[in-house]
Amino acid sequence: MKKSNKVLIVIPAYNEEENIGKVLKELKSDVSFADILVINDCSKDKTAEIVKKAGVKCINNVFNMRYAMAIQTGIKYAALNDYDYVIQFDADGQHIAKEAKKLYEHALKTDADIVIGSRYLKDMGYPCPVFRRIGTKIFEFLIKLFCHKHIADPLSGFQCLNRQVILHYSKMGNYPEYPDANLVIEMLMRGYKIEEVPVRMRLREAGESMHGGIIKPIKYMIDMFYSIFFIIIQGPKRKER
Amino acid sequence: MNRIYFIIIALLCLLYIVRAVRKNSLSIKESFWWFVASVAMLILAIFPYSIDSIAKIFGVDYPPSLFFVFCIIFLVLINFRSSRRIAIQNEKITELAQHIAILEEKVNDK
């Protein structure tokens with residue numbers, strides 16, 4: 001590794017008292033070169049106390065802003081404090097700390113702007129619910145169709161962003177509510193380079209997923225198609241340097 | 001001939017919504033129902049007699065009244081949604097202002 005880059009791991013957490021302690025411990029031992037920042041999205045349980053006890057920096061949102069805005073808070077923090085890389089990491093224990101290092105090293109080696117930790121690039125033995133798999137396939141197809149790029153896991157929240165992307169996201173007034181395939185398409189259309197690295201992931205251990213139930217996934221798919229439709233009719237945009 | 005006027009109006013509505021989203025004056029999320037409404041308008045402008053067959057399904061004798069009922073329901077719903085949004089946002093703004101005031105006091109104290 002060349003001169004020391006400043007790396008920030010951003011962890012949005014909402015009611016994750018059962019998982020966050022383990023996640024932080026794992027990160028501290030396996031990714032010791034990076035700073036850790038937890039965005040506590042107004043949790044109603046002991047998440048904030050556990051983070052404080054672990055001696056990790058914690059930003060407490062005044063009210064619940066949902067996952068995407070919590071991530072953006074962390075990215076804004078990184079932009080203000082001159083971080084070179086941000087690694088988005090989930091608080092629910094799905095993501096594995098050792099794999100975060102892999103993402104970061106790949107970002108250093110190549111000139112990719114965004115490195116996505118992909119569950120499906122190689123068969124990493126991730127047992128995935130059928131509906132989620134179908135959804136992923138559809139988005140994979142759409143990205144291939146409009147951006148001529150193969151992204152196997154556009155729904156993965158496990159990503160490493162470089163300084164340019166950090167600055168871009170932090171200034172985005174319309175950062176989407178679900179920053180998944182739509183954001184991947186938008187960034188590809190802007191000319192950012194996105195690459196994938198195969199990673200292992202665990203199934204979540206405790207707590208509630210944000211995509212549970214029957215109505216929510218349907219609403220999610222409609223929202224997603226609608227916002228992809230708008231991004232595509234807006235056409236390619238220039239990348240600001 | 002009438003039909004063409006209505007098709008043009010519907011298309012203008014669609015264009016206006018798309019333009020608002022492109023200029024970031026309307027978020028993609030907020031635009032959804034307006035977009036659906038203007039697509040419905042476009043469909044009705046192209047196939048004006050479809051409202052007759054819908055009226056038959058609902059057992060309405062005078063089809064245009066069904067059209068007005070749909071319009072009113074849509075407007076009331078969207079209005080209610082906006083009211084709710086405003087109420088939630090008011091609450092959040094108050095919370096933010098109070099939070100900032102308290103923080104300011106804390107900062108000045110040091």
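The legends below describe close-up views of a predicted model.

Residues are numbered from 1 along each chain as its sequence is written, while chains are lettered from A and ligands numbered from 1 in the order in which they are written. Because the model is predicted, local features need pLDDT of at least 70 and side-chain atom pairs count only at pLDDT 80 or more, whereas totals for chains, interfaces and linings use all residues; side-chain values use heavy atoms, with hydrogens and water left out.

**View 1. The largest pocket draws its lining from helices of chains A and B.**
The volume of the largest pocket is about 1900 Å³. Among its 50 lining residues, those closest to the centre are M69(A), E177(A), S27(B), K29(B) and E30(B). A pocket is an open set of points on a 1 Å grid over the protein atoms alone, with protein on both sides within 12 Å along at least five of seven lines, and lining residues have an atom within 4 Å of a point. Grid points are joined across faces, edges and corners, and a volume is the space filled by probe spheres set on the points. At least two lining residues each come from α3 (66-80), α6 (163-171), α7 (181-189) and α8 (215-234) of chain A, and from α1 (2-22), α2 (28-46) and α4 (63-109) of chain B. Helices are DSSP runs (H or I, at least four residues), numbered from the N terminus. With 10 residues, α8(A) provides the largest share of the lining. By class, the lining holds 21 nonpolar, 12 polar and 17 charged residues; Ala, Val, Leu, Ile, Met, Phe, Trp, Tyr, Cys and Pro count as nonpolar, Asp, Glu, Lys and Arg as charged, and the others, Gly among them, as polar.

**View 2. The largest cavity is lined by residues of chain A, including I114(A) and I194(A).**
A cavity is a set of grid points where a 1.4 Å probe fits but cannot get out. The whole structure contains two cavities of 30 Å³ or more, and the largest has a volume of about 40 Å³. Its lining also includes Q159(A), Y169(A), P179(A), D180(A), L183(A) and V184(A). Six nonpolar, one polar and one charged residues make up this lining.

**View 3. Aromatic residues of chains A and B form one cluster.**
The members are Y226(A), F229(A) and F230(A) together with F32(B), W33(B) and F35(B). Over all chains there are 17 aromatic pairs, counted where the ring centres of Phe, Tyr or Trp (its six-membered ring) lie within 6.5 Å.

**View 4. Charged side chains lie over the faces of Y83(A) and Y120(A).**
K6(A) sits 4.6 Å from the ring centre of Y83(A), and R133(A) sits 4.0 Å from that of Y120(A). The criterion places NZ of Lys or CZ of Arg within 6 Å of the ring centre and within 35 degrees of the ring normal.

**View 5. The cysteines form zero disulfides over all chains.**
A disulfide is a pair of cysteine sulfur atoms within 2.5 Å. The sulfur of C42(A) is 11 Å from the closest cysteine sulfur, in C58(A), and is therefore too far for a bond. For C71(B), the closest cysteine sulfur, in C13(B), is 12 Å away, again too far for a bond. C42(A) is partly exposed at 30% relative accessibility, as is C71(B) at 29% (buried is under 20% relative accessible area, exposed over 50%, partly exposed in between; 1.4 Å probe, protein chains only).

**View 6. Y178(A) occupies the loop between α6 and α7 of chain A.**
Y178(A) is buried, with a relative accessible area of 16%. From Y178(A) to Y220(A), the separation is 42 residues in sequence and 8.2 Å in space, C-alpha to C-alpha.

Note on methods. Phe/Tyr/Trp six-rings, centres within 6.5 Å; stacked < 30°, edge-to-face > 60°.
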